[in-house]
Amino acid sequence: MKNISILIAFLTLGVLSAQEKSIEQRIDSVMSLMTLQEKIGQMNQVNGRSAITGPNTYEPEFEKIIKKGMLGSVLNASGVDYTRTLQKLAVEETRLGIPLLFGYDVIHGWKTIFPIPLAESASWDLEAIEKGARIAAIEASAAGQHWTFAPMVDIARDSRWGRIMEGAGEDPYLGSKIAAARVHGFQGNDLSANNTIAACAKHFAAYGAAEGGRDYNTVDVSERTLRDIYLPPFKAALDAGVQTFMSGFNEISGVPATGNKFLLDQILRKEWGFDGFVVSDANSVAEMINHGFTENEYEATKLAVNAGCDMDMSSLSYYNELKKAIHAGDVPMVKVNNSVRRILRVKFKLGLFDDPFKYCDNKREKEMILSKEHKDIARDAARKSFVLLKNEKQILPLNKEIKKIAVIGPLADSKRDMIAGWKAKGEPKDVITLLDGLKNSVARKSEVLYAKGCEIEGDNKSKFGKAIEIAKKSDVIVLAIGEGFGMSAENRNRADINIPGVQVELAKELSKLNKPIVVVLFNGRPLTMPWISENVPSILEAWFPGVQAGNALADVIFGNYNPSGKLPVSFPIHVGQTPMYYNYKNTGRPIREDSFNWQTKYLDVPNRPYYPFGFGLSYTTFQYSDLILSKKGVGFDEEFEVRVKLKNTGKYDGSEVAQLYVRDLFGSVTRPVKELKGFEKVFLKAGEEKVVTFKLISDDFRFHNIDMDFVAEPGEFKVFVGGNSNNVIETDFFLVK
Ligand code: GLC
């Protein structure tokens, strides 16, 4: 090391040892030494050379900025060697040697890519979801990362929105549970360990409510909708200990999130007491100029810092303008000190001041990444994420001894598509495709024939013939269709959410052969597929399953694993129904079956979804009965139980996600027709029956009432329990003052 920096010497040789001093005392020590320039530096983040994830202003000479002590963090710098090189510049060549923070989009895995987050959410298996984040953190930290820009916790009700693939779907309760699981997975129990990383709840807030499902578009939601629908997963992430938040690109009712004092200060700091730091989304400080919220970077800097945005991701506005704003008195020094303190706090918690190179271990990087153990865990996560949408005549599971299987479709042997749009350092070469998986699993004497049939997009039908030819020779057709990886994720929105190209036409031609057909669907969002749903006897929703796609699919297709996934999003019949969600309001003229007029409905499409929120079949069947409550009249703060009998009435062992919904029939404001308030994933052997018990208390029914108080109100409630949001048995109770 060229010279031990003043800071490290000061901290380690100080009166108290570094360990004895509290983090706050150590932050005080560091801040007492910092110049204004060095403080501004901590609030500045630039893009490294390992990836570009947006229109970031790219600073080619950013190493020089590091040496000036003017950089606090680098995103998109991966690998132990590269991060070590940059860290050495900060620690050894600057006056104080404050370590850099390296951040990356570790969304569903680092190298061992897991199913996309929407798919993992379809497992409703919080333990499995936490484990997936844990493996991602182990691998990312082994490659020098300190911080992930995940979990994305944006509620998504519009299937046109490309980033619906990145979150946990449409429901605040499920989304909250999953947000907490992901934060725990990334951050583990000890943030100072070298295999845990800081997490980031994003995009604060209501980014998924972009009008028209068009990324970055205007968001205009009421404060009540913001607080009751979009904020709960963020609060759950905060309660789980998330260390950072990211402000979204979007405005909310006229105020961009990155300069939104109500969001970043009133809610996040004053109401929620958050003590971590807020990073802007890429360039979103400067993009407030495009929003027309401010005229220049100076004003943008002033608005963002004063609102509570602690770190500027890649727009360089703080780097260029903050010193002037402070000297002009437009940004109080207390704001800067607060931001710097929050950023240093995370660096101390990660242990970076004790050992800035603790994440730079080449041996770990070699051993920990894409290990067999990690791949097995990814395979299990993928199995659990699949949703069986249809299985007439019980075509699935297939017999491994089957003579000939025709595997057809543009996604049957596509490695790149399986790791989807946020693949971090995942590589197609590491992917097991559906074709690979089926070949790995069938009996030796069985034959697997393959034909692509068509591309994902375009109108070329020239390969139909080859596909039909091999289908004619086979006993069953497995047809792999859906979206390409580039049709969802950031800025990948679709106005039409049909299965693209001529894939459905290929399915129609194949169905004329009157052979058993199984469609395996690959997609990053709900799709509208009326012909497939009506005419194909078996449909398995596979999303984008990650590196172990084929092995996991073979496990399910051949019955080694009985599918148990449930949809975390509603699948519309027609895109014209979006935004679509199960927890809608009843309105003054609700739909009725007994008459035609004066109801909230379309002339040409029903109101209902094709597949409802919470839907998913199994190779077995389950029956719900004997729904009883421990009390019918329940007092405030009085816990009561909801019990239901659940029986496996089929011939396969399997897991069922029993879901509990409530309806608050009357309120000081209108209330949704259903709200998820509990779920239990229950394994039952064939013929086995169990009593599933849910515990509820009045706090579970809180909402923002007519006075915007977060309270439960007395009155009549319904309780629904079932295997999805539509197919339920019900009873009722009264909440009494
Ligand atoms: C992107 C995304 C955000 C991501 C960031 C860094 O534009 O909106 O989710 O974490 O930039 O890549």
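1. Disulfides first: there are 0 in this structure, a disulfide being a pair of cysteine sulfur atoms within 2.5 Å. C309 is in none, and the nearest cysteine sulfur, that of C200, sits 11 Å away. C309 counts as buried because its relative accessibility is 0%, and C360 counts as buried too, at 12%. Buried here means under 20% relative accessible area, with exposed over 50% and partly exposed in between (1.4 Å probe, protein chains only).

2. A word on provenance: this is a predicted model, where local features need pLDDT of at least 70, side-chain atom pairs count only at pLDDT 80 or more, and totals for chains, interfaces and linings use all residues. Residues are numbered from 1 along each chain as its sequence is written, and side-chain values use heavy atoms, with hydrogens and water left out.

3. Most residues other than glycine have a negative phi, and most peptide bonds are trans. The bond from A150 to P151 is cis, with omega near 10°; P151 is in the loop between strand 4 (147–148) and helix 8. Another cis bond joins F204 and A205, with omega about -5°, and A205 falls in the loop between strand 5 (200–204) and helix 9. Helices (H or I, at least four residues) and strands (E, at least two) are DSSP runs, numbered from the N terminus.

4. Two non-glycine residues with positive phi are worth a look. S314 has phi near 65° and lies in the loop between strand 10 (312–313) and helix 13 (317–327). A420 has phi of about 60°, in the loop between helix 17 (415–418) and helix 18 (434–441). S314 counts as buried because its relative accessibility is 0%, and A420 counts as buried at 0% as well.

5. Which residues of helix 9 are buried? In that helix (residues 223–230) they are L226, R227, I229 and Y230. These pack against helix 8 (172–187), helix 10 (232–239), strand 7 (251–252), helix 11 (261–271) and strand 23 (703–704).

6. On the record side, UniProt (an unreviewed entry) puts "domain: Fibronectin type III-like" at residues 656–725. UniProt positions are in the numbering used here, feature names are shortened, and annotations may be inferred rather than shown by experiment. In the model, residues 656–725 are 0% helix and 56% strand, and their end C-alpha atoms are 14 Å apart.

7. F571 is in the loop between helix 22 (549–557) and strand 17 (622–629), and counts as buried because its relative accessibility is 0%. Leaving aside neighbours within four places in sequence, its contacts (heavy atoms within 4.5 Å) include R525, P526, E541, W543 and Y610. F571 and M529 are 42 residues apart in sequence, and 9.4 Å apart C-alpha to C-alpha.

8. Last, the second largest pocket, with about 430 Å³ of space. Of its 19 lining residues, the closest to the centre are I52, T53, G421, W422 and R492. The lining divides into 8 nonpolar, 6 polar and 5 charged residues. A pocket is an open set of points on a 1 Å grid over the protein atoms alone where a 1.4 Å probe fits, with protein on both sides within 12 Å along at least five of seven lines; lining residues have an atom within 4 Å of a point. Points are joined across faces, edges and corners, and the volume is the space filled by probe spheres set on them. Ala, Val, Leu, Ile, Met, Phe, Trp, Tyr, Cys and Pro count as nonpolar, Asp, Glu, Lys and Arg as charged, and the others, Gly among them, as polar.
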